[in-house]
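Open the model in your viewer and follow the stops below in order. Each one says what to select and what is there.

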Amino acid sequence: MNTLSYKTVSANKKTVNKEWVVVDAQGEILGRLSTKIAMMIRGKHKPTFTPNVDCGDNVIVINADKVKLTGNKLSDKTYVRYTGYPGGQRFVSPKELLAKHPERIVEKAVRGMLPKNRLGRALFGNLYVYAGGEHPHSAQNPKEVKL
């Protein structure tokens, strides 16, 4: 038997095939959408997935302002941040965040599902979120993906 036929091939920066993908978030549930986006950014949907390499796709999310949250999460959930000063803990609900910066809700959800290390920070750079239906990445010829 040929020994090369069953060896594990690890992807690296040069051999990775990265694609551009457009995801429409209109009417999608935030958590279920975010898990699929995080999986595509990480590259887990590819047979050549390697855990320590950025082998995922570049994902463009459009209509982020039309994403849905189930139950009472729109008013009850809180996003916490800290300014660094005493008494500087700030809270914001998804309803307020949707009104001011609708793309940040999807970004926060996906970022929380990526690894918490330098690879995760690099992978987050492969996510592009836009509130409306238009995006400036038409030169990359992204393909539409139905989730």
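Helices are DSSP runs of H or I with at least four residues, strands are DSSP runs of E with at least two, and both are numbered from the N terminus. On that basis the protein has five helices and six strands. Residues are numbered from 1 along each chain as its sequence is written. This is a predicted model, in which local features need pLDDT of at least 70, side-chain atom pairs count only at pLDDT 80 or more, and totals for chains, interfaces and linings use all residues, while side-chain values use heavy atoms, with hydrogens and water left out.

**Whole chain**

Show the cartoon and trace it from the N terminus: the order of elements is β-α-β-α-β-β-α-α-α-β-β. Along the principal axes, the C-alpha atoms fill a box of roughly 65 × 35 × 30 Å. Colour by accessibility next; buried means under 20% relative accessible area, exposed over 50%, and partly exposed in between, with a 1.4 Å probe and protein chains only. Of the 147 residues, 35% count as buried. Contact means heavy atoms within 4.5 Å. Of the contacts with a separation of 6 or more, 68% are between residues 24 or more positions apart.

**The segment before β1**

Select Asn2, which lies in the segment before β1. Asn2 is partly exposed, because its relative accessible area is 48%.

**Helix α1**

Select residues 30–42, which form α1. The expected span of a helix is 1.5 Å times one less than its number of residues. For the 13 residues of α1 that gives 18 Å, and the end C-alpha atoms are 18 Å apart, so the two agree. Show side chains for the buried residues of α1, which are Leu30, Leu33, Ser34, Ile37, Ala38, Met40, Ile41 and Arg42. These pack against β1, β2, β3, α4, α5 and β5. Just after the helix, Gly43 has a positive phi of about 95°.

**The nonpolar core**

A nonpolar core is a set of buried Ala, Val, Leu, Ile, Met, Phe, Trp, Tyr and Cys residues joined through side-chain atoms within 4.5 Å. The largest one here has 28 residues, and Ile37 and Leu127 have the most contacts inside it. Elements that give two or more residues to this core are β1 (20–24), α1, β2 (58–62), α3, α4, α5 (118–124) and β5 (127–129). The most come from α1, which gives six. Which residues are in contact with Leu127, leaving aside its neighbours within four places in sequence? They are Ile37, Ile41, Val59, Val61, Glu107 and Val110.

**Two pockets**

A pocket is an open set of points on a 1 Å grid over the protein atoms alone, where a 1.4 Å probe fits, with protein on both sides within 12 Å along at least five of seven lines; lining residues have an atom within 4 Å of a point.

For the largest pocket, select Tyr79, Val80, Arg81, Arg90, Val92, Glu96, Leu97, Lys100, His101, Arg104 and Lys108. Two or more lining residues come from each of β3 (79–82), β4 (89–92), α3 (94–100) and α4 (103–111).

Finish at the second largest pocket, lined by Ile29, Leu30, Gly31, Lys68, Leu69, Thr70, Lys73, Lys77, Tyr79, Lys108 and Ala109. Both α1 and α4 supply at least two residues of this lining.
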